[in-house]
Amino acid sequence: MKTKLTRITRLLDRSAAELIKQQIEPAVFPIVVANCAARLAGEKLYRVLTDAELLSAVLDHSYRLFDYDLVMVFADVLVEAEAMGCQIDIPEDEPPVLLTPAGNHARIADPQRSERMPVILAAICKLRQLTADEVFILGSLKGPFSLASFLAGPEEFLALLVEAPEQADHFLRLATENQKHFARAIIQAGGIPFIGDPMASGSLISREHFARFALPCLRELVAEIHALGLWTGLHICGDTTTILDLLAASGAEILSIDDISMELVRNRLGPEQIIMGNVSTTLLADGTPAEVQSAAEKCLATALPKLILASACDVPPSTPPANIQTLIQTARRWQWS
Amino acid sequence: MNPTDILDRMADAVLRMAKDEVLQLCEQALAQGIAADIALEQGLARGMRLVGEKFACQEYFVPEVLAAAKAMYAGFDILREHLPRTPARRSRIALGVVQGDIHDIGKNIVKVMAQAAGYEVIDLGRNVPIEQFVNAVRDGVAAIGMSALMTTTMPNMAKVIEALKRAGLRDQVKVLVGGAPVNRLFAEKIGADGYAPDAHNAVREIRRLTE
């Protein structure tokens with residue numbers, strides 16, 4: 001019984017009309033990644049982010065605890081940047097910080113050898129064994145725009161878009177090439193590449209800049225993944241209201257949407273777009289189970305059938321387990337009226 | 001060109017993020033005998049306020065603000081040595097990203113906007129220890145602004161307020177908080193005086209609280 005695989009593949013294969021007719025059970029994935037999983041398993045974040053055995057163990061622990069429909073191997077946003085030459089610091093129990101951007105020393109990394117990229121690949125392999133291939137293992141891959149911003153330094157990079165676009169293009173080129181290699185390696189390890197591009201947010205850059213700098217790289221990366229025979233997803237943090245059509249133009253099958261109006265998202269993207277989202281992470285962390293249930297029900301009612309009910313961004317480590325449980329139960333108990 | 005034209009063109013050059021033009025116009029302003037503080041206030045700072053307005057209505061985003069700020073600072077470097085010793089300024093404020101958090105783009109934008117509005121800004125930087133905020137208050141700033149991007153570091157804002165109370169300094173300073181995960185409810189809960197969802201409103205809030 002590969003129920004979890006089916007919940008995802010039928011979203012990919014069938015039309016909205018068919019899914020409604022079949023009254024399918026919604027898929028659900030609270031985006032529990034390394035930081036939250038480490039907290040739930042009582043492990044220090046530093047060890048989890050640097051050790052494939054431990055990273056896979058804590059992700060497997062959360063998966064078994066809650067029983068959701070996808071697993072995402074995501075350590076932190078700086079995995080690829082570090083491998084490409086950025087200096088970072090990994091505190092004992094906080095997310096890593098960028099100390100020195102790679103700048104002119106940035107180079108394409110070897111996914112099998114460079115810094116922690118092999119940790120991600122090994123964790124994907126290990127999770128496939130641990131879960132006996134009953135669930136898709138997503139391998140998180142930074143979007144080229146975000147990766148380029150870490151390589152150049154975030155503020156420097158954003159200023160380059162205006163002052164020296166050709167220099168921004170240089171970093172984007174490097175980042176895109178690197179991510180094509182990494183996507184291939186993730187697929188070889190048995191994972192599904194899932195792109196996260198937090199810096200390409202509509203909260204930070206204009207629609208014009210997204211279209212000019214972020215989108216072409218995303219399209220290239222998605223095309224590479226498609227050429228390798230797989231589907232993919234794209235998550236962009238923050239306000240994406242004005243760029244929803246451009247996210248769809250990336251070609252990614254699944255669009256993971258942060259905390260904006262789901263009604264607007266569904267209207268703009270149409271009934272056939274698979275959407276992942278978007279119960280507020282602040283609500284998950286600070287709200288009551290009843291509030292989470294009500295938000296999740298609203299989300300389901302608005303965006304089904306082509307929806308993976310999910311958190312709006314990754315689940316904060318301080319989130320009470322009962323709230324994560326509620327998100328899943330709300331999907332499992334969903335009744336089509 | 002008459003002085004008004006030069007000042008208008010300075011503001012416009014900042015708005016268009018045209019650094020070289022800003023430099024040229026600053027030189028020209030000084031050569032024509034325009035006072036440096038007038039050039040700063042009615043040229044550069046006015047341009048930056050226009051940038052702030054465009055940012056508030058989402059016509060400009062972070063890259064445009066950063067590029068405009070660089071143009072403004074470049075011009076400011078030329079005017080600096082010609083400024084009168086005690087320029088007429090608004091009060092002094094201190095800004096910082098709380099301990100554990102290094103996401104400082106938002107704080108830097110608030111800094112630029114506050115400077116453009118005439119405040120003297122002490123930039124405490126990012127990953128700022130609690131004691132450093134307290135020391136800034138001891139040094140007599142009228143307000144402190146704290147920001148955080150991560151839910152894990154937000155509680156440090158409350159710790160700074162507690163530390164100010166313990167040091168007997170809470171009544172001497174206005175406390176503002178901001179950052180992506182912060183909202184008004186949280187600000188009220190921890191006993192902050194003000195909250196703003198973005199840089200434009202942050203400056204309005206500083207003005208409301210300090211004047």
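This note covers one helix pair in chain A and the interface of chain A with chain B.

1. The model is predicted, and local features need pLDDT of at least 70, side-chain atom pairs count only at pLDDT 80 or more, and totals for chains, interfaces and linings use all residues. Residues are numbered from 1 along each chain as its sequence is written, chains are lettered from A in the order written, and side-chain values use heavy atoms, without hydrogens and water.

2. In chain A, helix α10 (residues 165-188) packs against helix α11 (residues 207-227) at about 20°, the axes lying 10 Å apart. Helices here are DSSP runs of H or I with at least four residues; axes are lines fitted to C-alpha atoms over the stretch in contact, with angles from 0 to 180 degrees between N-to-C directions. α10(A) and α11(A) are therefore roughly parallel (angles under 35 degrees).

3. Residues in contact (heavy atoms within 4.5 Å) include Leu172(A) and Ile187(A) of α10(A), and Phe213(A) and Leu221(A) of α11(A).

4. Between them, chain B and chain A bury about 1600 Å², 64% of it on carbon and sulfur atoms; buried area is the accessible area (1.4 Å probe) that two parts lose on being put together, summed over both. Of the area that chain B buries against chain A, 30% comes from Phe61(B), Pro63(B) and Ile105(B), more than from any other three residues. The contact involves 21 residues of chain A and 18 residues of chain B.

5. One salt bridge is counted between the two chains (a side-chain nitrogen of Lys or Arg within 4 Å of a carboxyl oxygen of Asp or Glu). Lys70(B) pairs with Glu163(A) in a salt bridge, with 2.9 Å between the closest N and O atoms.

Technical notes: Helix = DSSP H or I, 4+ residues; strand = E, 2+ residues; numbered from the N terminus. Parallel < 35°, antiparallel > 145°, perpendicular 65-115°, else oblique.
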